[in-house]
Amino acid sequence: MTSKICFAAAAVLAASSLRAQAPGAAQVEIFEKNARPLFVEKCQGCHNQKLKSGGLDLSSVDGIREAAGGGFFGSASDPDKSIILGALGYEGRVKMPPQGKLPAERIAAIREWVAAGAPVPSPAPASATSAGDTSTGVRPVAIRGIITEADKNFWAFRALGHPAPPDVARKDWSANPIDRFIHAGLEKNGLEPAPPASRTTLLRRATFDLTGLPPSEKELNDFLADKSPKAFEKVLDRLLASPRYGERWGRQWLDVMRYADSTGSDEDHRYPHAWRYRDYVIQAFNDDMPYDQFVREQLAGDILAADEKSGVGYRGIVATGFLALGKKALAQKDLPLKRYDVVDDQIDVTSKALLGLTVTCARCHDHKFDPIATKDYYAMAAMFASTLSYAKGETGDPIQTPLAPAGQFETFRKRWSDFLDVERRIEKIIDFDKDSKKERDRQEGLIAASMLAAYRVYAKGEAIAQVAADTKLDAQHFRHWVEYLTAQTQPELAKWRAASDANRAQTAREYEEDFHRSAYQYDQDLTWWKEARQAFPSAGKVAGPRPRTDKAQNPFFHATFIADDGPLHRSQDDQIATLTAEQAAEVRKLLAQSAEFERALPRAEVPMACAVKEGETVEQKVFLRGDYHSLGDPVERTGPAILRLNAPEETVVTKSGRLEFADWIVDPHNPLPARVMANRIWQGHFGDGIVRTPDNFGKLGDRPSNPELLDYLARQFMEDGWSIKKMHRLVMLSKTYQMSAEYDLAKKEKDPEDRLVSRFPKRRLSIEEIRDTFLAIGGDLDLTMGGTLDPGVGTDGETSASRISMNPESTNRRSIYLPLRRSNLPTLYTLFDFGDATSPEGKRSPTTVATQALFVMNSPLVDREAKVLADRVLARNKKDARRIEEVYIAVLDRRPDPGEIDTGLTYIQSIRRRWKDIGEEKAWLSFCHALMASNEFIYVY
Amino acid sequence: MDIRSLITKAPARSRLSRRAILRGAACGFGMMGLGSVLAEADADPLAPKIPNFLPRAKRVIFLFMHGGPSSIDTFDPKPYLDANDGKPLPIQQPLTFAAGKTGGLMKSPWAFKQSGQSGLPISDLLPKIRECADDLCVVRSMVGEGVDHGAALLQTFTGTFTFTRPSMGSWVLFGLGTENRNLPGYITIKPALSHGGAKNWSSGFLPGSVQGTAIGHAGMQVADIQKEPIEYLVNQGLTREQQRYELDMIQAINRKHHELWKLDDELETRIQSFEMGFRMQAEAQKVFDVSGESEATKKLYGLDDPKTADFGWQCLLARRLAEADVRFIQCTHSYKWDQHSDLFAKHNENAAEVDKPIAGLLKDLKSRGLLKDTLVIWSGEFGRTPVSESGNGRDHNPYGYSIWMAGGGLKAGFAYGATDDFGYHAAENRMHIHDFHATVLALVGLDHEKLTYRYSGRDFRLTDVAGTVHRGIFA
């Protein structure tokens, strides 16, 4: 009771002293360092605005000031008497935090803060304008103080301008408006544009930019010979029409949307149909699908697919892989958390990829820098929480949607499950495979002994019964061995027949070991197949026929175990004979049924997609501090308030709201999607964007180096019907793009990072380009498009190597087609800065490290392709000089100068002279290898 | 004829100057001007750095027991369980992995014995490690949040299972750099491919060069790993001299190209990366070859016994890497400790594989004077429940579990923190994984609040916004 009275008295004192002096920076710091972390971590769970446990809100500055006003923090002169330290000290009735007493140093930190007078920063300025005050008639945003005038005027949120290309001094340096925007910037800074790049350089640059591959010798010759002013335009038309284009630019989009073929996180299950989304992206780029449509389909393609008029069809379902292919923690037991972690991933990819905004920090608190409130976050969350990502709530697998008429998949699955059900019923009585393996296991260690014993019978004429008794071998099995070995004709026994007395025992052991190896592989294959057969039908897939051990590869195992007359073979009849009459009858009945079901099994796979679906509409509330136990205010299903400022009017949201959201995102009122995508396209050509943080146009992101140019491009992009290919032509036909990469010291000092684009910035090839080009140089690159290289479903054993993504050295397909297991990406990709395939990442950061050099020096792939190239060059030409030239064209896409030819020839001669074991072929291989390892190869100028 | 004469004989119009020849191809790396070497160090995340405060340990060896060994059967004796075997758990059970499958309290099937001068109690499960009791600093109050393996591994190694973040080893390497440029600074031996896989040793948004380098993986045999311990380390086609000759040609081509682009420092960096790769190739193969170790040493680690040979090789390799100044080394006893059933038999099997190698490592480090500045950590991703599962197993328990550390300026023969009577929740000196990370960083001289990296517009830390250094375990 007494404490209450003290409260009131202290309240007046504390409040007045607080008002008297606003805390200085040092005092704010002590609050932020000593007090706030504890409040956030340990107190806010209960002491928040909503629950206000004990009348105390420690979740906001206002609440903390109120608590100070209430005397909760006592007085600076005697901190230990304060209520807070009493509670933290675990001395009185109230012990906080309830989970356990804090470590002494944390309590000491609070004491220090209390002793400093418990300073609290000033409340957020009350001047904040709510969006409802604007005249645009948009629903008021009930976010206190979050959108200011300064926010609205921030470059990224301002409406798209109509910038006119500026007047420039050099009229001749203007192939299109891009050049005038660029030249104006150069003029202002006293810089001159670099001279035009040579045709050879330009062709290499353009070909890598648009296809991720080098030009061929013929393409080089054609371009050099074409004297028409349209020569480069013709090159662009050719490159843009090439299917290789979608493979290069589709891959860049896959980085942006964090593509992978598995769930990552804890269990890393395969997304068995992810590849359809990847193929969809490649196709969309190749078809030059308008970007607004591309966005709509990826956010709401499932809804569009259901509407015949949209003409989108199954493609739309596949497109929602954009939302569906994020990381997922399948073993997570906290189901609401499991759901909202997926929602978080979907908000993250949507906001970064399409809007260039980082929104997900608002899951727990208002964005510290951008005008994104927790309400904005949960407004988006409302849409994705009303969307299904797991088949049976959060307890099921990620959704797989059949791309087939209703009922087809259900029939497929029913037939398979009926069949597998009968199989299981048989297995309950007798598991034929297990049973024969059990018998085999018993006999496997006796193979050598049996063979040696049998030799005594068929070669030495000893009595079979006597030998069996001597050797304690099972008589029946032994008889089989004798029969098998007596024939003496089987090719797999050639070595056995040739054995001498001296090495017969050793030979028998070798046969036994050979059998072990084959048996191990067979068991593995069989297990994989059995598991696949169970798992495949729910993915619309068919596991194929039962694995047969290869007779040619494993002849001994085949003859002794698989073949009907093999000594270790156990026939089904033999196995059934061990059952009771009743069981045997049942098994025979089931076998007949199984055979009948098997005939009716659908053999054609049902195409499916990893997709999302509309779910029940969730009445979403804000989760205080991101904790779903602590509910705040309800929110609408909509996009961030800052982007609604210029929106024409409210739309009526149906179901999840994704379709309306998609329309709203690409509505011309919204300046961000066009700016963000125009910037990505610019970055694809110049290495850096006009904004160097392609996924973050917020306040912590980069500022545009040329905002007028960016707005010009964004507007042009929309006016050209969101055509990405038209953007490429616009950019690549500019003089800016066609400049050389040359620069001098003055330029380097004035604009070291080339932000003003006074020369073409060289770039390092991506790992896909490096690998694909090595394969292309040798002529081994397989240009088959689409489909999957991973036949599996589900995940693998915890220590199984199949958890590692496919080795890039094991296939000749283009890199984009290599399936990516999120938890274990290929070492090669990681080595060359591929990114993590888990977070949306619009830009890779190239590094140069020694382990990359080791790849180039030692990789069998590079070696192999260098050899193919060397062999080809040697076979095709007699003259060494022409050989050198051909290598230069193949690797560096240019002709060597005479000095380079001399150097090359001298190298080849000298290395051969030094080492006897290096003949002509190996010397040329080494020379090819050296060029492939060179700096000139790995950079594009 | 060597490459030098080859180049000088090339005609003048090849634009390759004498200076370039002197700088590069012929004389190799050793003749590089000091200036450019320093420039390299500047831009280089692996260059040795000055720590925030005096380090107690220079390097870390993390012995990871994948699956989750039971604390209450190893380092945290619970008399209450002995007295109440089979009785129901008297407190509310927190979120479990195997919901509905757990039973009543189950006492430890192993007896605990006090040992050494310190009298630290360790169970009969780990008799050899028990001989080293006076070197151990046991923390009995670890707390994590992941009740499944994936979440628990990711949190143990990266601090979070919600996002992809750099791993602890990457942070340590990023913070301290490396003193041996001929080996990767962060090496993980036979790591687990499951439960987060490579995310557990990834550099996340930190520079790729601080990524953990995997030596094989958990599913591989040691003999196969030894053929090529690091991917792309071994050249199949050329002898070392021949490869050097080819490399001289590569560098000659690069020098000529650099003449055209004199102002571009990146070209020099890549030229040097090849020299470094070439040196690494030789050095690494030497370090990974354990055949020259004495028979006594091999025996000490249990290399002579098939049961202990695998983990023994890992531990021996860890010592060799520590000697070679690798900053962060991890050994993984692959996914074996997950005894939801059959605890007694299976934990015995697992312990028999690691007990001797680990004791061997501690003794060997100590006798070579390495233990004093090496931090050895032994940990699973969580402990196991005091209640039984499936009759004779235990479920996952991240709420209160034990790890131990040794060396590196720690109190020795010491137990820190405590769980409740049941061994379910940490009750005293709770050391959350964030706290553990903060403490490990402090031991190697890094302030977890100052070790930050700016990414996507904000400064990130290993400990996010949490973490308290537990100085109570410092000597």
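1. In this predicted model, 35 residue pairs are in polar contact between chain A and chain B, counting pairs with both residues at pLDDT 80 or more. The salt bridges between chain A and chain B number five. One salt bridge joins E900(A) to K256(B), with 2.6 Å between the closest N and O atoms.

2. On the side of chain A that touches chain B, the elements giving two or more residues include helix 5 (104–115), helix 16 (335–355), helix 35 (850–858), helix 38 (898–914) and helix 39 (920–932) of chain A. Helix 38 of chain A gives the most, with 11 residues. By type, the residues on this side are 28 nonpolar, 26 polar and 27 charged.

3. As for extent, 81 residues from chain A and 78 residues from chain B take part in the contact. Together the two chains bury about 6,900 Å², of which 60% lies on carbon and sulfur atoms.

4. Helix 35 of chain A also meets a helix of the partner: its axis and that of helix 10 (residues 265–288) of chain B come within 7 Å and cross at roughly 75 degrees. The two helices are therefore roughly perpendicular to each other.

5. The residues of helix 35 of chain A in this crossing include A850(A), L854(A), V856(A) and M857(A). Helix 10 of chain B brings, among others, R270(B), F274(B), M276(B), F278(B) and M280(B). The residues of this helix-to-helix contact divide into nine nonpolar, five polar and one charged.

Methods:
Residues numbered from 1 in each chain as written. Chains lettered and ligands numbered in written order. Predicted model: local features only at pLDDT ≥ 70, side-chain atom pairs only at ≥ 80, totals over all residues. Heavy atoms only, no water. Contact = heavy atoms within 4.5 Å. Buried area = accessible area lost by both parts, 1.4 Å probe. Salt bridge = Lys/Arg side-chain N within 4 Å of Asp/Glu carboxyl O. Polar contact = N/O pair within 3.5 Å; in protein donor to acceptor, adjacent residues only side chain to side chain. Helix = DSSP H or I, 4+ residues; strand = E, 2+ residues; numbered from the N terminus. Nonpolar A, V, L, I, M, F, W, Y, C, P; charged D, E, K, R; others polar. Axes fitted to C-alpha atoms, helices over the stretch in contact; angles between N-to-C directions. Parallel < 35°, antiparallel > 145°, perpendicular 65-115°, else oblique.
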